Every structure is written in structure tokens, then in C-alpha cells.
Amino acid sequence: MPYAGSEPAPGQPDDDQPGVPVAIKILIAGGFGVGKTTLVGSVSEVRPLRTEEALSEPSSLVDQLDGIEDKSTTTVAMDFGRISISDDLVVYLFGTPGQKRFWFMWDELAYGAIGAVVMADTRRLADCFPSIDYFERNGMPFVVAVNCFEDARQYPVPTMRTALNLTPDVPLLLCDARERTSSRDVLVALVEHAVSRLTGGQPVTSAR
Amino acid sequence: MTTRAGPPGHGELGGRRNRDGSDGAERVVRPYALTAGRTRPSGARIDVVAMVSASRSVRPQGTESDPELGPEHLRLLRFCRLPVSVADLAARLDLPLGVVRILLADLREHDLVYISQTAPAGIRDVRVLKEVADALRRL
């Protein structure tokens with residue numbers, strides 16, 4: 001077989017090839033049960049699809065041959081949705097598990113993403129802290145969307161901003177992830193925030 | 001209400017969660033059996049939203065005899081006759097993303113697929129972002 005080597009010769013990036021749309025990523029982060037998949041589902045043109053990434057135990061993340069026979073591999077599920085903007089442009093929304101142990105996966109997902117929505121639930125606010133920490137650290141634009149569950153106590157926005165220790169430029173919105181218009185408004189706020197970061201002279205860092 | 005001081009330990013995260021704290025269904029699989037134990041794809045990185053399309057020259061009858069390609073390679077190839085994202089392929093084939101990446105890299109080495117690069121530069125393009133914002137507002 002003719003071996004193309006590490007740099008594929010004919011399989012070059014073909015973004016210019018007609019008929020191949022450009023795909024854009026938005027991350028939807030937050031704790032378990034906060035409504036990530038609900039938000040994805042309320043704006044996606046398809047029912048949220050599920051994909052999985054193999055997840056090795058932390059001790060086996062390093063390439064080691066010893067004890068490999070004991071290595072148990074589990075998978076972590078990610079739900080994603082799609083919004084076709086035009087024939088040339090498609091937005092993908094990825095609901096990503098918020099726990100710190102999945103950060104290796106986030107690095108991958110965050111590459112080239114335009115930004116992230118961090119979803120919060122006032123009953124379990126701490127669940128979104130790792131997500132906020134992550135996006136603050138890698139400089140990716142993000143907004144916080146507080147999903148207003150019916151039985152959750154409502155707090156004034158300034159109180160929540162203080163509790164989350166948000167810098168003044170980070171938008172915080174209240175939303176109902178079940179409502180298409182509400183979820184849409186969150187995404188619009190994120191993209192506008194990303195634009196203002198770009199046009200405001202602030203250096204924009206890609207995920208890596 | 002709790003306040004965020006810094007990265008919290010897992011212990012303070014309350015609420016309902018799976019045994020290991022992850023989202024969604026957990027199951028034990030041997031996904032990398034399909035990749036002959038390889039855990040990393042060869043060649044240039046393959047993003048989760050990279051668009052994959054079968055090369056125009058692909059003749060399925062020719063690829064089936066290639067000993068280096070398994071049934072999963074051929075299944076993948078059938079799904080990317082029209083451009084499709086890596087994430088969509090993984091969902092349709094019900095395979096982990098990592099496995100799909102490795103199989104796609106194999107197909108790329110055989111010149112059977114084109115895989116677009118996700119440009120990190122995309123996020124710097126204000127015109128594209130404004131187009132996205134306008135389109136979202138119309139949803």
C-alpha cells in the first residue's frame with residue numbers, strides 16, 4: 001500500500017471543497033442533571049444524539065504496560081445537537097460532563113470552540129464551579145445560564161454573581177432550558193459575548 | 001447558597017449522580033478491540049466536528065479486499081458518501097469517538113476519505129460569529 005506518512009497527501013483539508021460545510025462548536029457545561037441535554041434538545045434541529053468517549057481510569061492515563069490486563073475501560077456519554085445556519089455553516093452543541101476528571105476530554109472539545117455555556121442550578125451551585133474554573137483558566141468566552149427549576153429558590157442576580165465569583169464581563173442569564181426561545185437567548189448571549197471579546201481589543205485565546 | 005472559592009473537591013458536590021459521578025449510561029466495553037489495541041489515531045488531528053467525506057475515487061469493491069481494512073472501516077466509509085461530522089459518525093455507528101478517529105485515520109492513510117480541519121481561527125472571525133448570532137436570533 002502506498003503509505004501517506006503522518007501528513008496525508010491527498011487527504012488534505014478540503015474546507016474549500018464545495019459542499020463541505022464549516023462546523024462550529026459550542027460547549028454546554030455544568031453538573032449532572034442541570035439541564036444540558038434539555039437545552040441542547042430545545043434548540044437542536046435533531047433529537048440530541050449521544051456519543052461516547054472511552055474513559056480510562058486516571059492511573060492508566062499514562063501509557064504503562066504493567067497491569068494493563070487489569071485496566072477497566074468505561075465510557076462517558078456526551079449528548080450533542082445541531083443547528084444548520086446555512087449550507088456552509090453548522091453549529092454543534094456539545095453537552096459535556098462537568099466533573100474535573102473529564103477535563104482531558106474538554107481540552108479536545110474546546111479546541112476551536114467559539115465558547116461555552118455553563119449551566120447552573122441554585123440548589124447545587126457548587127456543581128458548576130469546576131466548569132467556570134476551567135473556562136476562566138483557558139480563556140474561552142463563556143456565559144453562565146441559571147436554569148430556573150420550578151422548585152428552586154430564586155436569588156437576585158447580583159447575589160448569584162457574587163456566589164459564583166464572576167468577573168464583571170461574564171454574562172449571567174436566567175433561563176428555562178425547556179423553552180426553545182430561552183435556550184436560544186442564552187446561545188445568542190454567548191455568541192455576542194464572544195464577538196465583544198474579539199472586537200473589544202481583548203486578546204482571544206484559542207483553547208490551546 | 002454555596003460560594004465558589006476555588007476548585008472544589010468532589011466531596012462537596014451534592015445531588016443525584018451515578019456511582020462514579022459521570023453523566024449518562026455507564027457500561028464496560030472493549031472499544032479498542034476494533035482498532036487492534038491502538039488508542040491514538042495516526043496523522044493530523046481529527047476534530048470532533050471535522051467533516052468527513054469519502055474520496056470520489058472510492059470503489060467499495062476494491063476496498064473490501066484490502067486486508068488492512070475491517071468491516072467497521074467499510075461501515076464508516078458507507079456513512080460518509082456525503083460530508084458528515086465525526087461526532088455524527090460516532091453516534092450513527094454507536095462507537096466511541098476515539099475509536100472512530102482511529103478508524104478514520106486509517107481510511108485517510110488509504111486515501112479513501114477527506115477529513116476537514118477545524119480551524120481554531122474560526123473563532124477569531126467576527127463575520128462568521130455575527131452570522132451565527134443573526135441566525136440564532138431567528139430561531
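In chain A, 73% of the contacts with a separation of 6 or more are between residues 24 or more positions apart, two residues being in contact if their C-beta atoms, placed from the backbone, lie within 7 Å. The structure is a predicted model, in which local features need pLDDT of at least 70 and side-chain atom pairs count only at pLDDT 80 or more, whereas totals for chains, interfaces and linings use all residues. Residues are numbered from 1 along each chain as its sequence is written, and chains are lettered from A and ligands numbered from 1 in the order in which they are written.

Chain A contains five helices and seven strands, taken as DSSP runs numbered from the N terminus (helices H or I, at least four residues; strands E, at least two), and their order along the sequence is β-α-β-β-β-α-β-α-β-α-β-α. Strand 5 (residues 115-120) of chain A is largely enclosed by the rest of the structure, because six of its six residues are buried, that is, have 20 or more other C-beta atoms within 10 Å of their own. Strand 5 of chain A runs parallel to strand 1 (residues 22-30) of chain A, to which five bridges join it, and Gly30(A) has Met119(A) as its bridge partner there. Five bridges also pair strand 5 of chain A with strand 6 (residues 142-147) of chain A in the parallel sense.

For chain B, the pLDDT (the predictor's confidence in each residue, from 0 to 100) averages 76, and 68% of the residues score at least 70. Over residues 6-29 of chain B, pLDDT stays under 50. Where pLDDT is low, the predicted coordinates should not be read in detail.

How values were computed: A residue is buried if 20 or more other C-beta atoms lie within 10 Å of its own, exposed if 12 or fewer, and partly exposed in between; C-beta atoms are placed from the backbone. Two strands pair if DSSP finds at least two bridges between them.
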